[in-house]
There are 4 protein chains.
Amino acid sequence: MNVPLEDHRAPDFPEFTRPLLADLKKIFRTESGRVFVFPGSGTGGWEAAISNTLCAGDKVLTASFGQFSSLWVDMCRAFNLDVVNCDVTWGHGVPLDEYQAILEKDTSHAVKAVLVCHNETATGVTSDVAGVRRILNDLGHPALLFVDGVSSVGSIDFRMDEWGVDVAVSGSQKGFMMPTGLSIVGVSLKALKACESATLPSSYFNFHEMMKMNEQGYFPYTPAATLLRALRASIDMLMDEGLPNVFARHHRLANGVRAAVDAWGLRNCAAGPQWHSDTVTAILVPDGFNANDVIQAAYHNYGVSLGGGLGKVAGKVFRIGHLGWLNETMVLQALGGVEMAMIDAGIEFQAGAGVGAAVQHYTKSRQPLTLAAE
Amino acid sequence: MNVPLEDHRAPDFPEFTRPLLADLKKIFRTESGRVFVFPGSGTGGWEAAISNTLCAGDKVLTASFGQFSSLWVDMCRAFNLDVVNCDVTWGHGVPLDEYQAILEKDTSHAVKAVLVCHNETATGVTSDVAGVRRILNDLGHPALLFVDGVSSVGSIDFRMDEWGVDVAVSGSQKGFMMPTGLSIVGVSLKALKACESATLPSSYFNFHEMMKMNEQGYFPYTPAATLLRALRASIDMLMDEGLPNVFARHHRLANGVRAAVDAWGLRNCAAGPQWHSDTVTAILVPDGFNANDVIQAAYHNYGVSLGGGLGKVAGKVFRIGHLGWLNETMVLQALGGVEMAMIDAGIEFQAGAGVGAAVQHYTKSRQPLTLAAE
Amino acid sequence: MNVPLEDHRAPDFPEFTRPLLADLKKIFRTESGRVFVFPGSGTGGWEAAISNTLCAGDKVLTASFGQFSSLWVDMCRAFNLDVVNCDVTWGHGVPLDEYQAILEKDTSHAVKAVLVCHNETATGVTSDVAGVRRILNDLGHPALLFVDGVSSVGSIDFRMDEWGVDVAVSGSQKGFMMPTGLSIVGVSLKALKACESATLPSSYFNFHEMMKMNEQGYFPYTPAATLLRALRASIDMLMDEGLPNVFARHHRLANGVRAAVDAWGLRNCAAGPQWHSDTVTAILVPDGFNANDVIQAAYHNYGVSLGGGLGKVAGKVFRIGHLGWLNETMVLQALGGVEMAMIDAGIEFQAGAGVGAAVQHYTKSRQPLTLAAE
Amino acid sequence: MNVPLEDHRAPDFPEFTRPLLADLKKIFRTESGRVFVFPGSGTGGWEAAISNTLCAGDKVLTASFGQFSSLWVDMCRAFNLDVVNCDVTWGHGVPLDEYQAILEKDTSHAVKAVLVCHNETATGVTSDVAGVRRILNDLGHPALLFVDGVSSVGSIDFRMDEWGVDVAVSGSQKGFMMPTGLSIVGVSLKALKACESATLPSSYFNFHEMMKMNEQGYFPYTPAATLLRALRASIDMLMDEGLPNVFARHHRLANGVRAAVDAWGLRNCAAGPQWHSDTVTAILVPDGFNANDVIQAAYHNYGVSLGGGLGKVAGKVFRIGHLGWLNETMVLQALGGVEMAMIDAGIEFQAGAGVGAAVQHYTKSRQPLTLAAE
């Protein structure tokens, strides 16, 4: 720090960046693809997917079933894509049947890309990416598969190569347990190939410029070096714990939250177990109550930040995030805060019931310590 | 940091130390006394009290009713003092009756100092310092009053001048919410006067050397400057919240813990409400159980550090600390951890009952936000 | 951190963002314009300027005289703009005469934007933004004025309103003394108006989406909250010192560097005093030497990161950055490192001459401490 | 931090403390002795040496030749020891001849301990500890050998076993590159044995209490856990670099400082090369000048903290510390600051001469990178 010049052009910077990018591929579970890191956010990754591979007027198949899936659809329209959107009841995920029907009819392969929001944060819904890939494969449909993995990569099972994901978008602030500030984007060889025919302008988030410099261990413009160092530490934590252990931990912690929801007599916004997200739970308040009252009480009375209902579920749900560097007592702390806030908001339930249900789940499901690395 | 020389001799260092020491007096609630800060721990403060003011062979009146009160008595013996000790059942505090009886008989004023452990951490017992002062005053007894306030100053009501405390010992790691590393010692004019006739050797913890240099804004030897800066921040936090608010917050949080203990069907080690500590609760496990099983389960299974039973209560109690920078949900987190650990240790109770009782207490006792400063 | 949910949607987040954005306007010296903050880098700000306000095929007037000015020109071409570029000898700045000549002939006002790189880091050259504005005004030419102020805003005199800058691009990692990670973009009312007719796709860096949410104190997508908090601290530092004092400090420190260059018998890459940058100095090595040898020696032998020669000046110059939180001894440290590295690289000069010249400059030019705030 | 209870009694705390204490023995170069760590400062270590091993009235042989050596002598008197002190001209070190003469005459072995300040910070003088050991051995004198190694251990060659040091006192804030806050004390078996007959009261700094608990991996009272963690990092740094490399680095850096002093035409307070300290240099200002003017100018004009003249050399010397985590450019920064301050104080010399001399020394003496570990 004493001599504050640009050191991202230092002779030994590649010794840092090359293993970092190689290890990111392990987190995304891709061998043939690349992972790029841009200063930006997950939203920037959405833009990268579109602007690098498509042309204005290209047809894309999308589904909106929550705030984040819908915003990506909006972005497609802003880029003048021809959007075929499935409007899905919030609480459900990507509609495999509708996707199947639309793609079946698309014998001319006009659909150039299919979009999936893997984990919709607004409703706590996880979609079936592998199922979408199966449909594409069964039909021999060549469309690119774009996946928003912002709140899934590094937290729940994600398999870029096995699922044939062409652009996988993530960010630093969820599974990587870091501050916001990085767009992390996995790109398949097929997507890199698609860049050649794309005509949308792409500069800041351009894959080929990034790839060219990455190959030498550098970046085409000033990288967010401090965040890259944090990313190194984050990847090390994930790999030390082992991805299967990370996923199992999230699943077990999420089951405790769901047990609490049941014990409170409330309903999960996710409409069925197949949609349950292991990283965030959106909870419906009873009729006649406003979820914002719970959120305000939690924040102002107890210093707890609950997620608010976004878009269509505003006022109907509050959300508990449960991902990243998290253990049982941290979940209990959040559940305890929710209990106090619900009492302040006038919702009736037996105090301690939710925490107690989670306590029981955690003690029953406790495993001998596993020390496996990936 | 670039030029790493001693800066505790910098020309403007007094501008930092003078208000720091002045504000410490407000925390100790003394106007006429001094507060000194040594690199050390609370144990060093015990030694400072003894070595500065007494002579080998001096008679002191003490009470042992827990690990920490007993260790101070041991130290008195190591300094060859003539110790008159009241051996009190653990769970009780300073025995006012016994103290009264002994001091009444001491018409020659052979007792030079009376020791009180204000808040015995091992048993979660708070003693009545004002009561001891009343006895001394009623008898016109000139003995010095030494108080161990390591886990009380800055957390529960402590009044050095009003209670006539001559040496008040504290440390950085409890009410000051800092790492261990500072002995913080309040000294009355009467105690400073007593230094003149003291013959025990005193150098490192010497009050007069410290006072002489403090008056110029410096220290007689290298101070722990980083900890002093942290102490500045700590004092600011206490004064911003306002000491009465700090004490009220600790009392309310502690009541939640006690409600949980009741709901679990367990007993507090403190033998009656008059002894209840607002900064730590020692909880007796049922007969036939080993408290260490709870502690081991909490630590190894859930990453929660409970205090162990020390000395006579080893295996019988585990302790929950609840002081410093703490709010409701942090207490609930600890209680949730205790519930899981008790289940693992085989103790029967209704899961969630303790957390639920605390949740109820906190929601019922919630005040409109107070913004008062001291 | 205990309950790690999105808090950038917290009820009181606007209390943080509104004064932050208001104070940024003071740093950019604009009252009528807006300042937007995106997760990204300065390069993202370049893209924001183009994509928000222009249409494919629009004519823009540019000048390339260094690596960074040239890269922005490349980006204009990537967006299919019709670029009229002045190819200037590196070491000079924006060619006012050529700009004047071209704009004079453009009576149809085909030129939609004029680009200026205020401070070209590759050559250590500062250009005359006010001069460009004068030309536009004298001709009554309505083109937008875009300025790359990445290494000038907050370090050297920059006046958005007075100079009629329509889009001013900056980043977090230079004058704001922060890690890379934020695009900070000043936008005039005229530029906001131009957005309406722009047809280039713009989503991530969209001004109007940002403005709409900023007005409510929020962001259209997850902001880089930790960097925003650092930005708050950075702005406070700049305002505490006072911008005129900040600029004067940079000027004085830069004069010391230039005195050292003279004393070494070397030449500044900037071709004349009017081009001298107060934030970075590029130094030409004598004929027959390779600047990379100096850079490698500095890095590997002494841990000093010098800037390398980029593009046309690769191997010919090394660069010393001198901006941000910097004082005299930090400059001397860098100059000392350069002296050692030059000796290792075989360049002849009197050891200590450069540092001595700077020492003399700093002692002669020392002012009584100024305490003025802006 | 979520559950802020005492974790220095955690079941796995010994896994941290045992290797820490074992590695400290490597730094002190002792196999048979112990190293103890107290919350405190180096001054506390002096007290530990005295109070653990001696009786009131014991004869000790000391030498005062600077502020710190003199203060230790004062402490001996405060403990009512019978002090035989050699008053040495400041700038010289321990007088081997005088020590030899006194010990020779002491055929009754009345002298119980011999004190040596290894590295006198006030004058920048290193004494010959091995020489004192030789005298004791040659005479077969059984006195304990106490060494103040506060500013030598971990920075310059120190060999506890080989030199037969019985109590070696150090602190955290010098060679260990940490904040002040720890007394680190090496104790030989002979010194531990001497504790048995010692009658001075010893409690806080008691060796046997500490040893008893350390053997189980714990401490007799609350340790400064955060500082212990920093100490772990510090030891790792020293061992990674390798002690011989650390010493060589300090020697080479110090030679650069001494070259600068010569080039300025000034004199080193250390009266001859055999006394030159590799961790601090005290520089005599010319007659007619006040060293405090240099110190004030450095501090107020350039933010550089120089050490002031202490005791007999007040006003005559200023000091440059050069130990710890330090490289060439950091020394050059300090030397540049000194040059500016000397000019402001009116001292005449050629600006840049000192820095230039150091630059020449560092470039000439540069070694190929050594990667050896100890």
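Start at H109(A), which sits in the loop between α4 (96-105) and β4 (111-117) of chain A. This is a predicted model, so everything here is read from computed coordinates. The phi angle of H109(A) is near 55 degrees, which is a positive value in a residue other than glycine. H109(A) counts as partly exposed because its relative accessibility is 28%.

Now look at chain C. H109(C) is found in the loop between α4 (96-105) and β4 (111-117) of chain C. It isn't a glycine, yet its phi is positive, at about 60 degrees. With a relative accessible area of 27%, H109(C) is partly exposed.

## Where chain A meets chain C

Chain A puts 53 residues in contact with 53 residues of chain C. Between them the two chains bury about 4,200 Å², and carbon and sulfur atoms account for 61% of it. Several elements of chain A each bring at least two residues to the side that touches chain C: α2 (42-53), α3 (67-78), α8 (225-241), α10, β13 (317-321) and α11. Sorted by class, that side of chain A has 28 nonpolar, 18 polar and seven charged residues.

What about specific links across this interface? The rule finds zero salt bridges between chain A and chain C. It does find eight residue pairs in polar contact, with both residues at pLDDT 80 or more.

## Where chain A meets chain B

Chain A has another partner in chain B: here 28 residues of chain A are in contact with 28 residues of chain B. The area buried between these two chains is about 2,200 Å², and 63% of that comes from carbon and sulfur atoms. On the chain A side, T329(A), Q333(A) and M340(A) lose the most area to chain B, and together they make up 24% of what that side buries.

There are two salt bridges between chain A and chain B. In one salt bridge, the side chain of R366(A) meets that of D344(B), at 3.2 Å from N to O. On the side of chain A that touches chain B, the elements giving two or more residues are α10 (291-302), α11 (328-344) and α12 (353-364). Of these, α11(A) gives the most, with eleven residues. By class, this side of chain A divides into eleven nonpolar, 13 polar and four charged residues.

## The nonpolar cores

In soluble globular proteins, nonpolar side chains tend to be buried together. In this model, the largest nonpolar core has 174 residues, and the ones with the most contacts inside it are F176(A), L231(A), F176(C) and L231(C). Which residues does F176(A) touch, leaving aside its neighbours within four places in sequence? They are L24(A), I27(A), F28(A), V153(A), S170(A), G171(A), I184(A), L231(A), S234(A), I235(A) and L238(A).

Is R232(A) buried or exposed? R232(A) is buried, because its relative accessible area is 16% and the cut-off for buried is under 20%. R232(A) belongs to helix α8 of chain A. Its side chain makes a polar contact of 2.8 Å with the side chain of D23(A). Setting aside neighbours within four places in sequence, R232(A) is in contact with F16(A), P19(A), L20(A) and D23(A).

K174(A) lies in a loop, the one between β8 (167-171) and β9 (182-187) of chain A. At 13% relative accessibility, K174(A) counts as buried. V37(A) is 137 residues from K174(A) along the chain, and the C-alpha atoms of the two are separated by 15 Å.

## Thr281 of chain D

Over in chain D, T281(D) has its place in strand β11 (residues 280-284). T281(D) counts as buried because its relative accessibility is 1%. A polar contact of 2.7 Å joins the side chain of T281(D) to that of H322(D).

Who else is around T281(D)? Not counting residues up to four places away in sequence, T281(D) touches V257(D), V261(D), N268(D), F318(D), R319(D), I320(D) and H322(D).

Key:
Residues numbered from 1 in each chain as written. Chains lettered and ligands numbered in written order. Predicted model: local features only at pLDDT ≥ 70, side-chain atom pairs only at ≥ 80, totals over all residues. Heavy atoms only, no water. Contact = heavy atoms within 4.5 Å. Buried area = accessible area lost by both parts, 1.4 Å probe. Salt bridge = Lys/Arg side-chain N within 4 Å of Asp/Glu carboxyl O. Helix = DSSP H or I, 4+ residues; strand = E, 2+ residues; numbered from the N terminus. Nonpolar A, V, L, I, M, F, W, Y, C, P; charged D, E, K, R; others polar. Core = buried A, V, L, I, M, F, W, Y, C linked by side-chain atoms within 4.5 Å. Buried < 20%, exposed > 50% of the residue type's maximum accessible area, 1.4 Å probe, protein only. Polar contact = N/O pair within 3.5 Å; in protein donor to acceptor, adjacent residues only side chain to side chain.
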